[in-house]
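Dear colleague,

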Amino acid sequence: MTEAITQPLSPPKTAAGPSLLLRGVRKAFADVQAVDGIDLEVARGECFGLLGPNGAGKTTTIEMCEGLTPADQGTIELLGLNWHSNAAQLRQRIGIQLQETQFPDKLTVEETLRMFRSFFSQGIPVEESIRTAQLEEKRKSRVGGLSGGQKQRLAMACALVGDPELLFLDEPTTGLDPQARRHLWDLVDELKQAGRTIILTTHYMDEAQRLCDRVAIMDHGKIIALGTPQQLIGTVGGEDIVEFAVSGIDPVSHGIVDTAPLLALPGIHSHRVDAGLHQLSVSELHKSVPAIFAALADQGLHLSEFRTHSATLEDVFVRLTGRNLRDE
Amino acid sequence: MNNLETSSLYQLTMVRFKLFLREPEAIFWIFVFPIILAAGLGIAFRNRPADVLQVAATTPQLTQALAADKGLTAITLDESEGTHQLATGQILLLAIQKPGSIAYKYDDTNPDARSARLLADRAIQTAAGRQNAVPAANDLIHETGSRYIDFVVPGLLGMNLMGSAMWGIVFALVEARQKKLLKRLVASPMPKWQYLASFLLSRLAILIIEVVFFLGFARLTFGVPFRGSLWELCLLCLITSLAFSALGLLVSSRAKTMEAASGLMNLVMLPMWILSGVFFSATRFPAIIQPFVQALPLTAAIEAMRGNMLQGISLSHQLGKVAILLAWFVVPFTISLRIFRWR
């Protein structure tokens, strides 16, 4: 992880160093410390995810990397270059998809892409970008008539026309329906396979889990966890999560769950309650579930809900912050 | 051709031009509206016989003497009724028979009433037997080039160039800023100056259509004269459009909302609508504000166009006006390049 900083002035183009390097980056807006000291390294060809709730500092971080917002402190290097001295070159070599860009409604897909292509000295033909984004049928359609998913794929195509070595995607699937999201994921998969470095932000843990080789979880401007999705999920302590609720009209227990006997069971690692829903992180589901049933029956409790799922990045976030990812 | 296709300045300009043509409202305001306005004014101020003035007298003899003049119609009223009708504007003048003299009652700040006073006195004196000391005859002119429509067409042209440049640029830019398109564009390698220049260039393409359309209409319908060089007139339109485009860039360089931009735009355009002599000569304003009035780009544009079209003055004799317009192009464009907000 430290090979990049031993040679900070290594020649840019052929360097095998990281695609993206952040050291001690900070940014404040008025009285809010949006980004509070971030160190990151993203290797070439990696798909890296910045995950966190709204307001965690993801967009500020990615916009500093994109050279749209100057950092207050710290160093940012992309492809071995920085925004102070190599801005023009960097603009040619990276692709950017911003949150909530609205392209002119009355331009067609092809015209929009032709315009963006003209900004780059090198790149892929407009035809190819249309094909990659699967917008062939919409080539002559005006942007105003596209669906949310198609607009997002157009934004992606605009980011791709310059054949970028490094691609930034800021919440690419926010606001899309499930089908459009899966469609976009397939597109990102293809780009990964083509060997591009991708940095994406998201507040969907399933998206990060599905797409990213490595993930940084952000909260309040800081990175609170960093690793592959599997490593991070491993830190929850169990591979599975059991969720249950009890009916509250029981005369003996008044619906109060005594958690001590539950935590004493083998394979149960932790317990928390959220809006009446109890969550246990467990390993060896096949053994722990019957034990949980028995323990609850001993307390005279009736289950009104019971389900299990594999631990996700959401559970990692909950364990680290005590909050749900989508709590504002 | 292939070179053009890959040139970002060409692409940006074409995009602007296409977006303009795909906006039906813009087409109306820029092409149809000035023609409706010119047609309306042409009808309202068409040449017609001089107005007949309504007057009254207190005796039938006086009324008869007044009615003998072709420029007057007269009725007989008693003094109190006549005074009432004077106050309500139904008559312009009341001739009152006094013992051995006549008194005229009228408002001397009203030009029509002053004319009525001259005509009435002449009619009454003639009826009483006055002879002309010197014989005189009238030689009337209704010549092309001195009519009101000839005066107002250059004014409307200037006003239209101002309006279309300002509205077109300000709204497109503020919308692009609001929709975060500007931010997306600066995130790409696009040269920033080319984006702003594409607005000026696409304006020029639209300008050609706009000017030919409007002046062609004025020529065919009203026979408005073109006494100066047409090339110089085109050059004037071009410089005028550049000046207002630059002003439009300046107005939209910081505004984040349409409301803010509209307010600023009205602040810039309203003084010129009033002061720059679109509908009447700007020299009517008091001498103390004349330096300000003359320095306005619309005043310079309209006066130079009137000089060209109505008097055939060559551009080399209007260098002062051209210099004012060029200054209004260079200064706002330079400032807006510096202060333009891309996000």
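In chain B, helix 10 meets helix 14 through I239(B), T240(B), L242(B), A243(B), A246(B), L247(B), L249(B) and L250(B) on the one side and, among others, V322(B), L325(B), W328(B), F329(B) and P332(B) on the other (contact: C-beta atoms, placed from the backbone, within 7 Å; helices: DSSP runs of H or I, at least four residues, and strands of E, at least two, numbered from the N terminus). The residues of this contact comprise 15 nonpolar, two polar and no charged (nonpolar: Ala, Val, Leu, Ile, Met, Phe, Trp, Tyr, Cys and Pro; charged: Asp, Glu, Lys and Arg; polar: the others, Gly among them). The axes of helix 10 (residues 230-251) and helix 14 (residues 319-339) of chain B are 8 Å apart, at an angle of about 30° (axes are lines fitted to C-alpha atoms, for helices over the stretch in contact; angles run from 0 to 180 degrees between N-to-C directions).

The model is predicted: local features require pLDDT of at least 70 and side-chain atom pairs pLDDT 80 or more, while totals for chains, interfaces and linings use all residues. Residues are numbered from 1 along each chain as its sequence is written, and chains are lettered from A and ligands numbered from 1 in the order in which they are written.

In chain A, four strands form an open antiparallel sheet in the order 11-12-10-13 (pairing: at least two DSSP bridges). Strand 11 (268-274) and strand 13 (303-310) of chain A each have a single partner strand, so one side of each lacks a neighbour in the sheet. Strand 10 and strand 12 of chain A pair over five bridges, and I241(A) stands opposite S281(A).

Terms used
Two residues are in contact if their C-beta atoms, placed from the backbone, lie within 7 Å.
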